[in-house]
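Please read this report beside the sequence and the model.

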Amino acid sequence: DHRDLHSFPTRRSSDLLKEIIKAKDARIKYLEKELENSRLLNNNILKDNYIIELKEPIYKIKYHKYYISCSTVLNDGRFAIGSNDNSIIIYNSKTFKPELTIKEHNNSISNIINLSSGGLASCSWDKTIKIYNINENKYKVIQTLKDHTDSVWKIIELRNKKLASCSEDKSIILYNYDNNEYKKEFSISTNGPNGPIIETNDNEICYSEVDNNSICFYDTLKKKIISQINNVSITSNIFDSLLMITKDLLLVTGNSVISIVNINSHSLIRTIDVPDSNYIYSACLLNNNTVLTSDYNKRIIQWKIEGDNLLLISKKENAHDGEIYTLSKLPNGLFISGSRDKFVKIW
């Protein structure tokens, strides 16, 4: 039709052009979404809220010089990776490109956590805990805690914004949070170096005692152990995990078994043998039905939560070329794994 667009009194050419551009933009967004969905489905085939078959990672990252030790997801959706090269790198969760590098520790990064205040906390083999203010692609160290006398293995933020840390010096330290600053409240002496630590109920933490092969429940108000469970397979490895898989059930990783503990009755419900496994390291809750674990044998294993039990769904053999030390879920449903092979992979 060669008629002049200006001859149509109700639709000017500029209005028509805007509609065309708007429709084109909408179509592009739709196609981009379909492409992303297709890419994810080709790699991670989802059904009934769990992955039937884990194929190849959709992205591989290798910016660290030494092994990957820990990971966490920030409030803004980005993720942070800690390494044995003493650095932390923050990545864009859409492009998977590095956006910020933090080099403040002078030894290996053992743990990093996202803080409810919007900041970041890290601990290290250099015996310190550092608190950062993160503002887009800039950071500032706002506090360094130097109360431990040996490597700090894990840190957690409690519901009341307090911090708890455990160390190879056989102590757990609790810090009050007041006026945007952490101050040591008290220290707990334990019978051995502590690997994982977790908050289980209000004013209650759970930690491992590797020398006793047990986990302890500690009341932070009464400042005493209120219960102890023996014969829980705990190693002396900083990569062991304590993970709440339901509001009542705690998962404990160790040598070649997973232990399931009820945090209300403080009782061991069951132990689950993991086939052909030496050490089970990180554990990650993928959704309400699914748990992922990683191990010394370079595998990512998928478990389905069935009541107070776990059913093995699938094993991804040789997911990395080295032990897999950390797993974290991303906000978009993907998850990341980090390994001794220096790679971070997106699945």
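## Basis of the model

This is a predicted model, in which local features need pLDDT of at least 70 and side-chain atom pairs count only at pLDDT 80 or more, while totals for chains, interfaces and linings use all residues. Residues are numbered from 1 along each chain as its sequence is written, and side-chain values use heavy atoms, with hydrogens and water left out.

Strands are DSSP runs of E with at least two residues, and they are numbered from the N terminus. Two of them pair if DSSP finds at least two bridges between them. In general, strands of a sheet pair through backbone hydrogen bonds, either parallel or antiparallel.

Strand β25 (residues 290-295) pairs with β26 in the antiparallel sense over 5 bridges. One of the pairs here is Leu292 with Gln302, the latter in β26. The two strands form a hairpin with 4 residues between them, and Lys298 in this hairpin takes a positive phi near 70 degrees.

On to the next pairing: β26 and β27 are joined in the antiparallel sense by 7 bridges. Ile300 has Lys316 of β27 as its bridge partner. This hairpin has 2 residues between its strands, and Gly307 in the turn has a positive phi of about 65 degrees. Strand β26 (residues 300-306) has 5 of its 7 residues buried, so it is largely enclosed by the rest of the structure. Buried means under 20% relative accessible area, exposed means over 50%, and partly exposed lies in between (1.4 Å probe, protein chains only).

Ile198 is buried, at a relative accessible area of 12%. Its C-alpha lies 8.7 Å from that of Ala164, a residue 34 positions apart from Ile198 in sequence.

Another open sheet of 4 strands runs in the order β20-β21-β22-β23, with antiparallel pairing. Here the edge strands are β20 and β23 (267-273), and each pairs on one side only. The twist averages 25 degrees from one strand to the next. Strand β22 (residues 257-262) is joined to β23 by 6 bridges, the two running antiparallel. Ile258 is paired with Ile272 in β23.

## The largest pocket

The largest pocket has a volume of about 1,000 Å³. A pocket is an open set of points on a 1 Å grid over the protein atoms alone, where a 1.4 Å probe fits, with protein on both sides within 12 Å along at least five of seven lines; lining residues have an atom within 4 Å of a point. Grid points are joined across faces, edges and corners, and the volume is the space filled by probe spheres set on the points.

Of the 36 lining residues, Ile113, Ile156, Leu242, Leu243 and Ala283 are the closest to the centre of the pocket. The elements that give two or more residues to the lining are β4 (68-73), β8 (109-114), β12 (152-157), β16 (197-201), β20 (242-244), β24 (280-287) and β28 (324-329). By class, the lining has 19 nonpolar, 11 polar and 6 charged residues. In this count Ala, Val, Leu, Ile, Met, Phe, Trp, Tyr, Cys and Pro are nonpolar, Asp, Glu, Lys and Arg are charged, and the others, Gly among them, are polar.

## Salt bridges

The whole structure holds 11 salt bridges, each a side-chain nitrogen of Lys or Arg within 4 Å of a carboxyl oxygen of Asp or Glu. One of them links Lys316 and Glu56, whose closest N and O atoms are 3.1 Å apart. Lys316 lies in strand β27 (residues 309-316) and Glu56 in the loop between β2 (50-54) and β3 (59-61), so the pair ties together parts that are 260 residues apart in sequence. Lys316 counts as buried at 14% relative accessibility, whereas Glu56 is partly exposed at 47%.

Asp248 and Lys247 also meet in a salt bridge, at 3.1 Å from N to O. Asp248 is partly exposed, with 24% relative accessibility, and Lys247 is exposed, with 68%. Asp295 and Arg299 form another, with the closest N and O atoms 2.9 Å apart; both residues are buried.

Note on methods: Axes fitted to C-alpha atoms, helices over the stretch in contact; angles between N-to-C directions.
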